[in-house]
Amino acid sequence: IVLRKFNLLEKSIGKVLKKSLLKRIRYKNLIVLSQSMIEIFRYVNKESKIFDLQHGIIHSEMESYCKGNKVNQRIHENNIELLLFGEGFKTILERTDSTNYYKDNAHVIGIQKVSLKLNTDIVNKNVLVTLQFTDDHTTYQNEKLYNDFIEFIHSNTEYTFYLRNHPRFNKEVDVENLYQFKNTKEAPSQLSDCFSICSFHLTSYSTTTFECASVGIPSVLLTSLKEDFSMFNNDFHYPLNKNLDDIYNNYTECSEKVMQWESGYYSNFNEEKFISLLK
């Protein structure tokens, strides 16, 4: 942090640390999150393997992985290997990267998954709504999304909607108006509690779609921001395009379908594969 205040590049910081504080430090393998400090660690020990462990979702528009249909320069220049949650994410990277770097340098090790499936014989009409009002959107986008939520809730009065704010929500819109409807309530703070009371999920493009699918909860995706955030259609190919009533009438089939879809992106942790990469 101190060296960064002198406007030094991370490569230069790595060289300084290698000759000072970290001159006795050697490592064969190093794992980082979100590509943090990879230039620094590479210059501290140029012979090591550096892995970037997947954090969150990966889609084709993420320039930190691919830019201009090529592997991100930082990853390539520092010979970074990726540890991924599932084959679906690796397929996206390989399809986006014309250099084929990720074919040999991205490895699927999976993730520790909790074995849980809801009882699809007891289906209610409660809908978990993951709101996405954040400063990631323009004012126009937030207002458009807000109006779509209101229209959807108003058009489905036989369902009860449990509203859950985005973790980075900072009053970009006045959500209190959403609670004026008789069929809206505040969702529990814990996502697991939401799963126990809701059989459906409504959002625009929230990653909670994956978490819901993991326990068999189908999602309805609003299309208001589809032009700007298209990853669930273009990259993830979400298997459902149905309204709430259609899903309710075919719930078991829809539930199985989304669970199968999610397993393609989040596979069970493969400890043997992980250890083999460190040798």
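Start by selecting Asp 235, which counts as buried because its relative accessible area is 5%, where buried means under 20% relative accessible area, exposed over 50% and partly exposed in between, with a 1.4 Å probe and protein chains only. The model is predicted, so local features need pLDDT of at least 70 and side-chain atom pairs count only at pLDDT 80 or more, while totals for chains, interfaces and linings use all residues. Residues are numbered from 1 along each chain as its sequence is written, and side-chain values use heavy atoms, with hydrogens and water left out.

**Asp 235 and its partner**

A salt bridge here is a side-chain nitrogen of Lys or Arg within 4 Å of a carboxyl oxygen of Asp or Glu. The pair links distant parts of the chain, 140 residues apart, with Asp 235 in the loop between helix 9 (231–234) and helix 10 (244–249) and Arg 95 in helix 4. Helices (H or I, at least four residues) and strands (E, at least two) are DSSP runs, numbered from the N terminus. Arg 95, at 46% relative accessibility, counts as partly exposed.

Select His 59 next, in the loop between strand 2 and strand 3. His 59 is counted as buried at 15% relative accessibility, and, leaving aside residues up to four places away in sequence, His 59 touches Ile 92, Met 231, Asp 235 and Phe 236; contact means heavy atoms within 4.5 Å.

**Along helix 4**

Select residues 87–96, which make up helix 4, and colour Gly 88, Phe 89, Lys 90, Ile 92, Leu 93 and Thr 96, which are buried. The buried residues of helix 4 pack against strand 3 (66–67), strand 4 (70–71), strand 5 (80–84), helix 5 (101–105), strand 6 (106–108) and helix 8. Within helix 4, show the side chains of Glu 94 and Lys 90, which meet in a salt bridge at 3.8 Å, N to O; these two residues are 4 residues apart, about one turn of the helix. An α-helix has 3.6 residues a turn, so residues three or four places apart point the same way. Lys 90 is buried, with a relative accessible area of 15%, whereas Glu 94 counts as partly exposed at 34% relative accessibility.

**Strand 5 and its neighbours**

Move to strand 5, where 5 of its 5 residues are buried. Both faces are covered, with Ile 80, Leu 82 and Leu 84 on one side and Glu 81 and Leu 83 on the other. Strand 2 (residues 49–53) pairs with strand 5 in the parallel sense over 4 bridges, and two strands pair if DSSP finds at least two bridges between them. To locate this pairing, pick Ile 50, whose bridge partner in strand 5 is Ile 80. Strand 6 also runs parallel to strand 5, joined to strand 5 by 3 bridges, and the bridge partner of Leu 82 in strand 6 is Ala 106.

Select Glu 39 and Arg 74, whose side chains meet in a salt bridge (2.7 Å, N to O). Glu 39 lies in helix 2 (residues 38–44) and Arg 74 in helix 3 (residues 73–77), so the pair ties together parts that are 35 residues apart in sequence. Glu 39 counts as buried at 10% relative accessibility, and Arg 74 as partly exposed at 29%. Then pick Gln 35, in the loop between strand 1 (29–33) and helix 2, which is buried with a relative accessible area of 7%. Beyond residues up to four places away in sequence, Gln 35 touches Asp 52, Ser 64, Tyr 65, Arg 74 and Ile 75.

Finish with the largest pocket, which has a volume of about 580 Å³. On a 1 Å grid over the protein atoms alone, a pocket is an open set of points where a 1.4 Å probe fits, with protein on both sides within 12 Å along at least five of seven lines, and lining residues have an atom within 4 Å of a point; a volume is the space filled by probe spheres set on the points. Of its 21 lining residues, select Phe 210, Glu 211, Ser 214, Glu 262 and Tyr 266, the closest to the centre of the largest pocket. The second largest pocket holds about 470 Å³ of space, and the residues nearest its centre are Gln 132, His 166, Arg 168, Ser 206 and Thr 207.
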